Amino acid sequence: MNLDETYISLFGFTIYEPGTIVTNLVFFGLCLLYSLRLLKFKHSYARQMSFFIFFMGISSLFGAVAHGVHKQLGEAFFNAIFFVMNALSLFAIYYCFRAPYTYHRLDGERPRLYINIALAWILGLLIFSFMKGDFLIIKIHAALSLVYSFAVHYLAYRRRNEQGSKLIIFGIGTSFLSILVHSVRISVHEWFNYKDLAHLIMIVSLVMIYQGIRQNLEVIDGDLIEE
């Protein structure tokens, strides 16, 4: 059986890739829980990290729909779901940049110009992806934003020995492993294939990143400067 064609029948409807749907939904559930918990902290870093995690989770939810339905409801429906999924990923990318940028300038001024440029660039990518139907550039920018976040938290760990930043570093590093698994298509079984394994690694990564954010927030003295 083709790994992309595992399915179950439920009430006369075919649900494709049930394992992938489950891992997507678990990831979504954790994202929703963690984003709500982070909003309880009165810091812009917490709020921006919350939005980063939230948009990742919502994107994963649309991913679950795309995997489960495939093109049973028509190609237009599938393409629309796929586009929304990637559009939400772009907003996650924006906050993946903005939150570490805020954290890096915790004790100093944060020029608004860079934030506006990043937002304009993200909106430009959204328009480009819609017109071209090519989402590879989104994946590239996702990787770049993660590298930036990795670098910021690595510097924080080196300079201040922050254990929270150390956890975030390990979490981001683990997330790159999911890209490797997905690219090489490492599978355990047809019912637990490379997509499911990559999602499982992403879940582990998410847990580490969230715990790291919590630890960082607990040692911040005073509120961050609101933008």
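In which sense, left-handed or right-handed, does helix α2 cross α7? In this predicted model, α2 passes α7 in a left-handed crossing.

The two helices in question are α2, which covers residues 44-69, and α7, which covers residues 194-219, and their axes come within 11 Å while crossing at roughly 165°. Because angles over 145 degrees count as roughly antiparallel, α2 and α7 are therefore described as roughly antiparallel to each other.

The contact between these helices brings Y45, A46, M49, I53, M56 and H67 of α2 together with K195, L206, I213, N216 and L217 of α7.

Most residues other than glycine have a negative phi. N161, however, is a residue other than glycine with a positive phi, near 55°, and its place is in the loop between α5 (136-160) and α6 (163-184). R185 likewise has a positive phi although it is not a glycine, here of about 65°, and R185 lies in the loop between α6 and α7. The table sets out the phi and the accessibility of each.

| Residue | Phi | Relative accessible area |
|---|---|---|
| N161 | near 55° | N161: 48%, partly exposed |
| R185 | about 65° | R185: 53%, exposed |

With a relative accessible area of 48%, N161 is partly exposed, whereas R185, at 53%, is exposed.

Conventions:
Residues numbered from 1 in each chain as written. Predicted model: local features only at pLDDT ≥ 70, side-chain atom pairs only at ≥ 80, totals over all residues. Heavy atoms only, no water. Axes fitted to C-alpha atoms, helices over the stretch in contact; angles between N-to-C directions. Helix = DSSP H or I, 4+ residues; strand = E, 2+ residues; numbered from the N terminus. Parallel < 35°, antiparallel > 145°, perpendicular 65-115°, else oblique. Left-handed = near helix turned anticlockwise from the far one by under 90°. Contact = heavy atoms within 4.5 Å. Buried < 20%, exposed > 50% of the residue type's maximum accessible area, 1.4 Å probe, protein only.
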